[in-house]
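Have the sequence and the 3D view open as you read.

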Amino acid sequence: MPVGRPTKYNAEMCDKLIECGKQGMTLVEAAAEMDLAMSTVYLWRDKHEAFSEAFKRAEALAEAFWAKRLREGLALPLSGRSGCEKGWHYQPQSSTVLLI
């Protein structure tokens, strides 16, 4: 007899994760959107091949989302700061936009 709470995992979770990636969400944001703990996301990634593929795809889609917006110039430099120039810096290896 199984112990613990029943899993929320189903094939639709893969589609939801990919959709979050298309919107540029980080995995933390996607987990929150799906009402999941990050530990559950990592468990499903390791346990379910389809979710693992969706996980990789969502990461790539989110990175592409932000790279395209930066390339199009939608992330404009900040103004009104004293000292050195401020602006945006994109680190593709970590899918992070840093304010510098």
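Tyr 9, Trp 44 and Phe 51 come together as one aromatic cluster. Keep in mind that this is a predicted model, where local features need pLDDT of at least 70 and side-chain atom pairs count only at pLDDT 80 or more, while totals for chains, interfaces and linings use all residues. Residues are numbered from 1 along each chain as its sequence is written, and side-chain values use heavy atoms, with hydrogens and water left out.

The structure holds five aromatic pairs (ring centres of Phe, Tyr or Trp, the last by its six-membered ring, within 6.5 Å; planes under 30 degrees apart are stacked, over 60 edge-to-face, the rest tilted). Take Tyr 9 and Trp 44: their planes stand at 70° with the ring centres 5.2 Å apart, so this pair is edge-to-face. It bridges distant parts of the chain, as Tyr 9 sits in the segment before helix H1 (11-22) and Trp 44 in helix H3 (residues 38-47), 35 residues apart. Both Tyr 9 and Trp 44 are buried (under 20% relative accessible area; exposed is over 50%, partly exposed in between, with a 1.4 Å probe and protein chains only).

Then there's Tyr 42 with Phe 55: centres 6.1 Å apart and planes at 55°, so call that pair tilted. Tyr 42 belongs to helix H3 and Phe 55 to helix H4 (residues 49-71), so the pair ties together parts 13 residues apart in sequence.

How covered are some of these side chains, and the cysteines?

| Residue | Relative accessible area | Class |
|---|---|---|
| Tyr 42 | 36% | partly exposed |
| Phe 55 | 5% | buried |
| Cys 14 | 8% | buried |
| Cys 20 | 5% | buried |

As for the cysteines, a search of the whole structure turns up zero disulfides (cysteine sulfur atoms within 2.5 Å).

Stepping back, the chain has four helices and two strands (DSSP runs numbered from the N terminus: H or I of at least four residues, E of at least two). From the N terminus on, the order is α-α-α-α-β-β. Of its 100 residues, 24% count as buried. Among contacts (heavy atoms within 4.5 Å) with a separation of 6 or more, 45% join residues 24 or more positions apart.
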